[in-house]
Amino acid sequence: MPEISRTRPGANMRLIEALQYRLPIAGVVSILHRGSGMLMFFLLPFVIWLFDKSVTSEISYDTFASAFVAGIGGVPGVVIKLVVLALIWAYLFHAIAGLRHLWMDATHSVSKQQGSSSAIVTVALSTILTVALGAKLFGLY
């Protein structure tokens, strides 16, 4: 019997090689779920600073509010708004994807079709909510 040779990635796969694989939407959502968690973790000092400035005193609240308009420390206000928008997306995506995982665990929904459709709902819902809150953040309504 002839031996079938299969090529599989080595133990030391580079990132560029990993990006060549075409993942299903559920795989992309899984990776984004981890990425959004990391983004929130790394931006936690910024969130703590925002919270501190918003509740310490009236003067610090004015500093907080003006950071979104005029910027702070040489960083323009629009950059701060974009960072906050990234945090909004990370929180919403991470929360919705987490609820998706809890729902799949509770109902034992592990078929490819259910995983794909719930991943699409996760992306769509988090995008719609991020756009709505981003419009509010940037003063569009």
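1. Once its neighbours within four places in sequence are left aside, L137 is in contact with F68, K81, V84, L85 and I88. These contacts, like everything else in this note, are read from a predicted model rather than from an experiment.

2. L137 itself lies in helix α6, which covers residues 112-137. How far apart are L137 and K81 in sequence and in space? The two residues are 56 residues apart along the sequence, and their C-alpha atoms are 7.2 Å apart in space.

3. One of the residues that L137 touches, F68, also takes part in the meeting of helix α3 with helix α4. The axes of α3 (residues 44-55) and α4 (residues 58-69) come within 5 Å and cross at roughly 130°.

4. Sorted by class, the contact of α3 with α4 has six nonpolar, three polar and two charged residues.

5. A separate point concerns the surface, where L23, I25, V28, I31, L32 and I120 make a nonpolar patch of about 470 Å². Helix α2 (residues 25-42) contributes the largest share of this patch, with four residues, whereas L23 is found in the loop between α1 (15-18) and α2.

How values were computed: Residues are numbered from 1 along each chain as its sequence is written. This is a predicted model: local features need pLDDT of at least 70, side-chain atom pairs count only at pLDDT 80 or more; totals for chains, interfaces and linings use all residues. Side-chain values use heavy atoms; hydrogens and water are left out. Axes are lines fitted to C-alpha atoms, for helices over the stretch in contact, and angles run from 0 to 180 degrees between N-to-C directions. Helices (H or I, at least four residues) and strands (E, at least two) are DSSP runs, numbered from the N terminus. Contact means heavy atoms within 4.5 Å. Ala, Val, Leu, Ile, Met, Phe, Trp, Tyr, Cys and Pro count as nonpolar, Asp, Glu, Lys and Arg as charged, and the others, Gly among them, as polar. Patches are made of residues with over 30% relative accessible area and no salt bridge: like charges are joined within 9 Å, nonpolar side chains (Val, Leu, Ile, Met, Phe, Trp, Tyr) within 5 Å. Accessible areas come from the Shrake-Rupley method with a 1.4 Å probe; for residues, only the protein chains shown count as cover. A salt bridge is a side-chain nitrogen of Lys or Arg within 4 Å of a carboxyl oxygen of Asp or Glu.
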